[in-house]
Amino acid sequence: MSVVETKTCRHCSSSFDIMQEDIDFYAKISPRFPQSPRPAPITEDNDARGDLVPDTPLVQGGQGGADATTRGDYVAQIPTPTLCPDCRQCRRLAFRNERKLYRRKCDASQKDIISIYSPDKPYKVYDQKIRRSDARDPMDYGRDFDFSRTFMEQFGELMMEVPHCSILNIGSENSDYTNLAAYNKNSYLLVESSNNDSSLYGYWLQKSDHCVDCAMVNHSENCYQSLDIDDSYKLFFSQYCRSCSDSYLIENCTNCQFCFGCIWLDGKQYHVFNKPVDREVYETTVRTFLFWSEQEKQSLWQQRHTLEDSFGMYETIRSSDQVVTSHHVSDAAKIFCASEIHDAHNVSYSRHVWFNSGDCMDVDTVWYNSFLVYESINTALDATKNSFCIRCWTGCSSLLYSFNCDSSSHLFGCIGLRNKSYCIFNKQYTKEEYNALVPKIIEHMKQTGEWGEFFHPSLSPFGYNETVANEYYPVTGVQEYESTGLQTLWYKRSDYEAPQPSADKIIPAEKLPRDITQIPDDITNRILRCEVSGKPYRIIPQELAFYRKHNLPIPTKHPDVRHAERMALRK
């Protein structure tokens, strides 16, 4: 990979390289609009919309290909970025609230709903069934583009008018508190998860049942506090395992059973810290471990880390080719500065690209036959050639600067559309009108400095502290928020606090008995206080039954704290 240019990030001032491969990708992804003339730059001497001037196609930098000239296309060249890869990702993730759920009123029915938008947000929020029904037409909010104002200002106004979907939870049963989820049953607080049954507090669970406090788990059952698990049963506090069962604290193991504190084993039974033991020793070790204090568990973790050190450094990238500075990559090729990549190719500066997808740059969550996606988040399912988009799913193609659209093509600056084509700001145009007007808007955005940039952070409907950005680029308080410069970039904070229970009803979680047999049934009616964050949380009946079944102690930390600790193990 050859460096073409080294730039300085306009936010954090760090230097970052532009590769020749990046330049090639920008040329490949740059949208084309068939037309003979090209739009002239807007000046005081021409019309506010820009006169059409016969000429060769305009490509930023004055370079146009012969094919473009022959076809008479207008090519809106994507410029090189002004932010470094981390700041670009932070900006995208600031538009994604995964885990903060609130009770609020549906603005259509006035009924109570579960929503990712807190009650103090100024947006119209509809129950997802109403929002997705044919009774509500987002085209009713269509409007003309005003060339005397910026694109971002007008898009922000459209965001205030078009109703937002309360939550993304498709085809689920008795799983109201799940987000970015589909076809789950009897599940609670799952994110990015589908086709699970009776699972709780999970992130990216797929086709798994009775799993609690797990992440990146696939085709598994009865697992707890485990990550990166495939085809496994009854794994506890384990990571990077496949086809294992009935084990605790194991890592990078395959086809193992009845193991404790082991790493890099294959096809073993009854091992403790990689040494063979008889069944009685193994069972005694497990029983003792379950009653240990947090300090004793930390000592045990250190013992296992010492065992890891004896194996030397190991790489978590598996079955990959041409992978550079990336992690959690499998069955992939030509991956650069990316993570959570599976069955994909030619992906850079990205996270979560899966299942026959590729040719993507600066994206988060792109999957299932999706290609040529740039500076977008959660744009997936047969998505092709989309740039600067947020949650555009199911067969979307040639979308630019659009949000929450489905099964559509050739949209520019649209929100909430489904099965539409050739629309600008939710207004219908003919194909010819669309191809003539969008280049004029792009020329306007070049003059305002907006073209080629993702949505301005001020447009995010969430506070920074509500989003995944705060998980990957944490800011813990108001002073730190201001000192990092986030305030100068117009990131917002959310200060909304849900009503808190009275203090006399709260039990300090660390005072609960470690022995699950000593926990009374009415614990599900009590409020616990996290020993780390001080936040209140509950134990639901389904959860209590799981702990009793597996002889596990009640957790003493809030679900958000447990999630953060799990994800820290993967970074």
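Guide: Strands here are DSSP runs of E with at least two residues and helices are runs of H or I with at least four, numbered from the N terminus. The model is predicted, with local features needing pLDDT of at least 70 and side-chain atom pairs pLDDT 80 or more, while totals for chains, interfaces and linings use all residues. Residues are numbered from 1 along each chain as its sequence is written, and side-chain values use heavy atoms, without hydrogens and water.

Visitor: Which element supplies the largest share of the lining of the second largest pocket?

Guide: A pocket is an open set of points on a 1 Å grid over the protein atoms alone, where a 1.4 Å probe fits, with protein on both sides within 12 Å along at least five of seven lines, and its lining residues have an atom within 4 Å of a point. The second largest pocket is lined by 44 residues, with Trp204, Gln206, Asn218, Trp354 and Phe355 nearest its centre. Strands giving at least two residues each include β15 (200-206), β16 (215-218) and β25 (327-367). The largest share, ten residues, comes from β25.

Visitor: How much space lies in the largest pocket?

Guide: The volume is the space filled by probe spheres set on the grid points, which are joined across faces, edges and corners. For the largest pocket this comes to about 2,000 Å³.

Visitor: Which element supplies the largest share of the lining of the largest pocket?

Guide: Of the 50 residues that line the largest pocket, Arg99, Lys100, Lys535, His558 and Asp560 are the closest to its centre. Among the elements supplying at least two residues each are β7 (102-105), α9 (469-472) and α12 (559-568). The largest share, seven residues, belongs to α12.
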